[in-house]
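Please keep the view open as you read the points below.

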Amino acid sequence: SLVHESVIAYSPRKHRFDWADDAIDNLKTGESAASLIVSNLSRLKPKERRSLNILSCFGVQSDLSLIKLVDTSKKGQQGGIETSLPGLAERGILEVSGPSVAFSHDLIQQHVYENMAIEER
């Protein structure tokens, strides 16, 4: 993200975010919010990436009851996919609505799925 890469920084003295105009002008920006989110997937925790990998196998949207049924990771000490959902939703990667979970954009699901080893699929 721009903050993580120190392109934009919070200035306590000014009580706002500050940046250098030339640094912003030289940025190579993606075509959409989805491309920005995809660029940040590598910063996720391994458990969150594993949850996304599993979810991507079901397509863009899936029913939570199905996820619960096939989620073998919940037997581990860190909990299952469900424990990752709130954080992934806060980052704008997933949307959880009632009984379903969906990738916020099909390009995100596609990227996750295509970057997974074939054996994992």
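1. Let us begin with the order of the elements. Along the sequence the protein reads β-β-α-α-α-β-α-α-β-β-α, with 6 helices and 5 strands in the protein. Helices (H or I, at least four residues) and strands (E, at least two) are DSSP runs, numbered from the N terminus.

2. A word on where the values come from. This is a predicted model, in which local features need pLDDT of at least 70 and side-chain atom pairs count only at pLDDT 80 or more, while totals for chains, interfaces and linings use all residues. Residues are numbered from 1 along each chain as its sequence is written, and side-chain values use heavy atoms, with hydrogens and water left out.

3. Next, the protein as a whole. Of its 121 residues, 28% count as buried; buried means under 20% relative accessible area, exposed over 50%, and partly exposed in between (1.4 Å probe, protein chains only). The protein exposes about 8,200 Å², and carbon and sulfur atoms supply 53% of that area. Accessible areas come from the Shrake-Rupley method with a 1.4 Å probe; for residues, only the protein chains shown count as cover. Contact means heavy atoms within 4.5 Å. Among contacts in the protein with a separation of 6 or more, 56% are between residues 24 or more positions apart.

4. Please look at S51 in helix α3 (residues 46-56). Is S51 buried or exposed? S51 counts as buried because its relative accessible area is 4%. Leaving aside neighbours within four places in sequence, S51 is in contact with I81, S84 and L88.

5. Then move to F58, in the loop between α3 and β3 (61-63). F58 has a relative accessibility of 30%, so it counts as partly exposed. Together with L66, L69 and V70, F58 forms a nonpolar surface patch with about 350 Å² of accessible area. Patches are made of residues with over 30% relative accessible area and no salt bridge; like charges are joined within 9 Å, nonpolar side chains (Val, Leu, Ile, Met, Phe, Trp, Tyr) within 5 Å. A salt bridge is a side-chain nitrogen of Lys or Arg within 4 Å of a carboxyl oxygen of Asp or Glu.

6. P86 is worth a visit too, in helix α5 (residues 85-90). P86 counts as partly exposed because its relative accessibility is 48%. The C-alpha atoms of P86 and V96 are separated by 8.2 Å, and these residues are 10 apart along the chain.
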